[in-house]
Amino acid sequence: MIKISPSVLSADFLEFTKEIEIMENCGIDMLHIDVMDGNFVPNISFGNPLIKSIKAHTKLPLDVHLMIDKPHRYIEDFAKYADILGFHFEAGSDNAETLKKIRELGVKSCITIKPKTEPEEIYDLLPLCDMVLVMSVEPGFGGQKFMESALIKLTKLRAEIKRRGLNIDLEVDGGVNGETAESAVKAGANVLVAGSYLVGSPDLEQRVKYLKSLKV
């Protein structure tokens, strides 16, 4: 079953509670929250105080994506409000221990890879993950074109997850729309992050129905 995780970076924060209500009524599964530190990625977004506020205004699970340097330093803080907590393979120092710590805190764990990272590099971490996120754009900027190379990564990861008999969600983020989503799902993704394609769209309900109709 396909799960939909709209990126709140595309939301109008002056109308945010209203937008959340609309998304809840359209069958959204979770909210994707990008945390950027201006170091691991060039942009700066927001931190835990805003995530705490979002948590208070929705019953939807929060899919928190840390695009920050040395994420192990902040796991306990973000785990207070995240339902799924992910960080970048490229940013960590002891990724296995960080994944274990997330689970110990009662939160689902996620490892994320950038476009230049090969999926084989994280195979040994899969048993410690509840979800894997494949970036189909360079992290840190919205509005980029979907990179076709992500499809190969999704295919390899889905095959390895199946080979190991693991129950892991496979998420894709970046340039996901009505056209690219179908290819991503066919490659093995079952969680779709989308920004401008969904958030604020007058056709939100129909677009969500379309994405959920796709078959893995």
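Let me start with helix α1, residues 16-25, whose buried residues are Phe 16, Glu 19, Ile 20 and Met 23; buried means under 20% relative accessible area, exposed means over 50%, and partly exposed is in between, with a 1.4 Å probe and protein chains only. These residues lie on the same side of α1, because they cover an arc of only 100 degrees around the axis, the arc being that of the directions from the helix axis to the C-beta atoms.

Before I go on, a word on the source: this is a predicted model, in which local features need pLDDT of at least 70 and side-chain atom pairs count only at pLDDT 80 or more, while totals for chains, interfaces and linings use all residues. Residues are numbered from 1 along each chain as its sequence is written, and side-chain values use heavy atoms, with hydrogens and water left out. Helices (H or I, at least four residues) and strands (E, at least two) are DSSP runs, numbered from the N terminus.

What do the buried residues of α1 pack against? Their partners are β1 (3-6), β2 (31-36), α2 (48-56) and α7 (204-213), where contact means heavy atoms within 4.5 Å. After α1 comes Gly 27, which has a positive phi, near 90 degrees.

Let us turn to strand β4, residues 84-88, which is largely enclosed by the rest of the structure, because 5 of its 5 residues are buried. In a regular strand the side chains alternate between the two faces of the sheet. For β4 both faces are covered, with Ile 84, Gly 86 and His 88 buried on one side, and Leu 85 and Phe 87 buried on the other.

Which strands pair with β4? Strand β3, residues 62-67, runs parallel to β4 and is joined to it by 4 bridges, and strand β5, residues 108-113, pairs with β4 in the parallel sense over 5 bridges; two strands pair if DSSP finds at least two bridges between them. As examples, Asp 63 has Ile 84 as its bridge partner in β4, while His 88 has Thr 112 as its bridge partner in β5.

Finally, the loop between β2 and α2 contains Gly 47, which counts as partly exposed because its relative accessibility is 26%. The C-alpha atoms of Gly 47 and Asp 37 are separated by 8.7 Å, and these residues are 10 residues apart along the chain.
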